[in-house]
Amino acid sequence: MYYNSTRNSDVKVTSAEAITQGISSEGGLFVPESIPQLSLEDVKAIGEMKYADRAAFVFSKYLTDFTDAEIHYCTDNAYSTKNFETESIAEIAHLFSGTYMLELWHGPTCAFKDMALQILPYFLTTSAKKIKLDKKIVILVATSGDTGKAALEGFKDVEGTSILVFYPEDGVSPMQKRQMKTQEGENVGVCAIKGNFDDCQNGVKAIFTDNDVKAQLDANGKMFSSANSINWGRLVPQIVYYVSSYADLVKDGEIELGEKINIVVPTGNFGNILAAYYAKHMGIPVNKLICASNINNVLTDFINTGVYDRNRKFYATVSPSMDILISSNLERLLYIMTDRNDAVIRDWFGKLSSEGKYEVSDEIKAKLKEEFCAGFCDDEDTKKTIHSVYEKYSYTCDTHTAVAVKVYNDYKDATGDTTKTIIASTASPYKFSAAVLEAVQGCKSDIDEYDMVDKLAELSKIPVPSALADLKNKPERFNDTIEKADQKDYVLKKLGV
């Protein structure tokens, strides 16, 4: 299995090269040359495996330059109870008949990003050895909240690497900010940007493709890679939990083998739902992929109209990990849908960069409608949904998961579709305790963040993850804040080049 760039199909690299590079030199994203297939018998067999072996089975289809021993080294170390609070790794909770919450937040940072970022350091260091890379790998990360902490935790003190994370100063929750500011590790760094997530992400991408910067790093024995979902090594682990959850539902007798399901995903950067798309096209029986957005509904508009337009007001919401107007992973989907037409991709994403807008062809619009449905909700409806789910089902969901529940309910009302459905639950409610507690109680609280956590624990009966409870007594290590225009100079200074 080789990988091409979305902006230059002539590029052809191994998975180890794709993972170490993170992004192609001309700015394209690496995409596997084909989507490998799983039979229904494969899916049934996966249901009898532990999660680490399920992951190894899926990875063997994509990382064909890795040996079985190398893959199992990665999966056995990443997916164990030393890193996750549950043996299942990805838990399934029954919300109501035929509707299942895929809880992806039982890892060390209490968010779905752990599912990929616990294994990415193993992928990256193994890949570096395979290609005989003799440079220190510098991980640059832009985060809207969860990726940053998960990447920091995954890469802290990993030999041969350093990591620098940028987050929007006022665009993450207090708990997310506290998690990053108190991060341990000798090879880590964190900095706030005066701007939004797109500013952070654009800055990181610009640094990645700056030839002068790359030359300076090379002269100092260093190279960049990424822990964002622009890195294929970040995206491929997300495919696993959709395959795994379907296998679990079959094993538990909730669905028949071959029965179609819907999958609902709250998403901003499009990586999590793209992973579900890959799982579907590998052979997992999926009826509809339902894309849920908050009021920053650029993806909803795109799927419904075929026009991607980031020239709109940006909102800071109670679901900050979705506060994104430039959805990077959409580029991979459109590359596949255009039959790998790199010229078209360069044209569309060139227009996105220069004009902030592009429109896809009628053929692509039809393909989008065939695969996806999309909806959005604002903060008020997000909080109402948290309250309603808590009252009806004694289940406490975070602000991002609530967006997915609301969009799914709207979808059902509009279509009458009763297909059994998995909703991706992407974060612990404690990461957004102020908004969740307000929604559950029906009023705001003037107590501090940690008292809110205690109160939410009392109401929800969900144990507070130790990783969050311990934050209260940790000292803050990182308090830098810079202008977005200073991002490149800051990186070079921190790296000493």
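**Helix packing, buried residues and aromatic rings**

Setting aside neighbours within four places in sequence, Ala142 is in contact (heavy atoms within 4.5 Å) with Thr147, Phe166, Phe197, Cys200, Gln201, Val204 and Asn228. This is a predicted model, in which local features need pLDDT of at least 70 and side-chain atom pairs count only at pLDDT 80 or more, while totals for chains, interfaces and linings use all residues. Residues are numbered from 1 along each chain as its sequence is written, and side-chain values use heavy atoms, with hydrogens and water left out.

Ala142 belongs to strand β6, residues 136–142. Helices (H or I, at least four residues) and strands (E, at least two) are DSSP runs, numbered from the N terminus. With 2% relative accessibility, Ala142 counts as buried; the label means under 20% relative accessible area, with exposed being over 50% and partly exposed in between (1.4 Å probe, protein chains only). Between the C-alpha atoms of Ala142 and Val453, which are 311 residues apart along the chain, the separation is 27 Å.

Val264 is buried, its relative accessible area being 0%. Once neighbours within four places in sequence are left aside, the contacts of Val264 are Ile290, Ala404, Tyr408, Thr421, Ile422, Ile423 and Ala424.

Now for the helices. The axes of α7 (residues 146–155) and α8 (residues 174–181) come within 9 Å and cross at roughly 25°. Here axes are lines fitted to C-alpha atoms, for helices over the stretch in contact, and angles run from 0 to 180 degrees between N-to-C directions. The two helices, α7 and α8, are therefore roughly parallel to each other. As for the wording, angles under 35 degrees count as roughly parallel, over 145 as roughly antiparallel, 65 to 115 as roughly perpendicular and the rest as oblique. The α7 and α8 crossing is left-handed, a term used if the near helix is turned anticlockwise from the far one by less than a right angle, with right-handed used if clockwise. On the α7 side the contact is made by Asp146, Gly148, Lys149 and Leu152, and on the α8 side by Gln176, Gln179 and Met180.

Lys149, a residue of α7, counts as buried at 6% relative accessibility. Not counting residues up to four places away in sequence, Lys149 touches Thr109, Gln179, Met180 and Gln183. In the loop between α7 and β7 (161–168) lies Asp157, and its phi is near 60°, a positive value in a residue other than glycine.

Helix α4 (residues 68–78) packs against α6 at an angle of about 155°, with the axes 9 Å apart. That makes α4 roughly antiparallel to α6. This crossing of α4 and α6 is right-handed. The contact uses Glu70, Tyr73, Cys74, Asn77 and Ala78 from α4, together with Tyr122, Phe123, Thr126 and Lys130 from α6. Helix α6 itself spans residues 120–130, and its buried residues are Leu120, Pro121, Phe123, Leu124, Thr126, Ser127 and Ala128. Just after α6, Lys132 takes a positive phi of about 55°.

The axes of α12 (residues 271–282) and α14 also come within 9 Å, crossing at roughly 30°. Helices α12 and α14 are therefore roughly parallel to each other. Leu274, Tyr277 and Tyr278 of α12 make the contact with Arg332, Leu333, Ile336 and Met337 of α14. The loop between α14 (330–337) and α15 (342–355) holds Arg340, which has a positive phi of about 65° although it is not a glycine. Arg340 is partly exposed, at 24% relative accessible area.

The structure holds 21 aromatic pairs; rings of Phe, Tyr and Trp (its six-membered ring) pair if their centres lie within 6.5 Å, and planes under 30 degrees apart count as stacked, over 60 as edge-to-face and the rest as tilted. Tyr3, Tyr62, Trp232, Phe270, Tyr277, Tyr278 and Phe372 are linked into a cluster by ring pairs. Charges show up at rings too: the charged end of Lys12 sits over the ring of Tyr2, 4.8 Å from its centre. Likewise, the charged end of Lys130 sits over the ring of Phe66, 5.5 Å from its centre. Such a placement requires NZ of Lys or CZ of Arg within 6 Å of the ring centre and within 35 degrees of the ring normal.
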